[in-house]
Amino acid sequence: MQEDILRAAESFKQQIQALSKEESIAHLEKQRAHYNEEYADFLEHYECESCYLCGKSFKTISKSRPCPHWLLRRCKFKKKDFPKILEKYDFYQISAFLRWVANAEAGVKSINNLREESSERKVFEITIQWRNVEWTLDCSRNDFDGHTGTKADFPHWHFQMRIDGNQFINFNDYHISFTKDDQLKIVLEQDRGSGFLHSFGAGGQGMQEYMERLTENPDAFIKNAVRADQPEEGTVHMQSFVKGPEGGIPGEKIDEAMKMAMETGKTLAHCFREVLGDNENISISTIASPADSVPAISKRTKRKRR
Ligand SMILES: [Zn+2]
Ligand SMILES: [Zn+2]
């Protein structure tokens, strides 16, 4: 890690800590207003299949104006054009664009950034699905440090792109440099005491943020969740266990809860709570897991040298 990045991170931390509560809130408000404006602009363009960054249709490729929208592959984008995008856009900008389109298209379930499914060796490992295209952004600790003794002796990340399941850009094709700004954000994010958390906004949320919110307030989720008869349609798969008192739960209560679930489309856990009321002898536990529709994180195969 370069000295100047670490120094910048340290000074950033001190600046954050020196802010008063009012100043922090004002800063956050300003960021939120800026985000809202940018995201509204994005959505307006997205609805007509055009790009808010360059103003052009997704189908247009103009070589003089490289743009992340090329990655949607609605235009005649070729693999060799990819470095042109990287010259103009950094990791966070590309990530934000890909997350926003995926989330706008199919919600949080199209972004698998689940830390649980990611390896300890990774700084990040994220797979994003948009229509027939799948992107994976991958950076191991070794990549972030740079592969010593090779040409890729600088902080970098790897990118894979598949179209209809076929390889279009491979992980090993490029060692993509992080900009100084990228590096600073990553260093700050990894440092839990920094008080810094990069957010892609509500429109950029993936499964990780979704599961975190679910863990914070499971009752609200169970209440609002629609029962998924087709698990591949939903975002999370909820499985409930109802444990009754000695002698079990009366059969008619079970029927009533089942009927309610069928009619309202609510989860069984919610219906059991409604039907059985506040009975201390009954415990309902729900296990929430990502639905089958969430794309698996595309793994980079281990090689002796990368
Ligand atoms: Zn564009
Ligand atoms: Zn590498």
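Tutor: Four donors (N, O and S atoms within 2.8 Å of the metal) count as tetrahedral if all angles lie between 85 and 135 degrees. This is a predicted model, where local features need pLDDT of at least 70 and side-chain atom pairs 80 or more. Residues are numbered from 1 along each chain, and side-chain values use heavy atoms.

Student: So what arrangement do the donor atoms around the zinc ion (ligand 1) make?

Tutor: Cys51 (SG), Cys54 (SG), Cys67 (SG) and His69 (ND1) coordinate the zinc ion (ligand 1) at 2.1 to 2.4 Å. In sequence, their spacing reads C-x2-C-x12-C-x1-H. Because the 4 donor atoms subtend angles of 100 to 120°, the arrangement is tetrahedral.

Student: Are Cys54 and Cys67 buried or exposed?

Tutor: Both sit in the loop between α2 (21-47) and α3 (82-88), 13 residues apart. With buried meaning under 20% relative accessible area (1.4 Å probe), Cys54 and Cys67 are both buried.

Student: How far apart are the C-alpha centres of domain 1 and domain 2?

Tutor: The domain assignment gives domain 1 as 3-206 and domain 2 as 236-290. Between their C-alpha centres the distance is 41 Å.

Methods:
Chains are lettered from A and ligands numbered from 1 in the order in which they are written. Domain bounds come from an automatic or database domain assignment. Donors are N, O and S atoms within 2.8 Å of the metal (3.2 Å for Na, K and Ca); water is not among the atoms, so sites may look incomplete. Four donors count as tetrahedral if all angles lie between 85 and 135 degrees; four count as square planar and six as octahedral if opposite donors are over 155 degrees apart and all others between 65 and 115; anything else is irregular. Helices (H or I, at least four residues) and strands (E, at least two) are DSSP runs, numbered from the N terminus. Buried means under 20% relative accessible area, exposed over 50%, partly exposed in between (1.4 Å probe, protein chains only).
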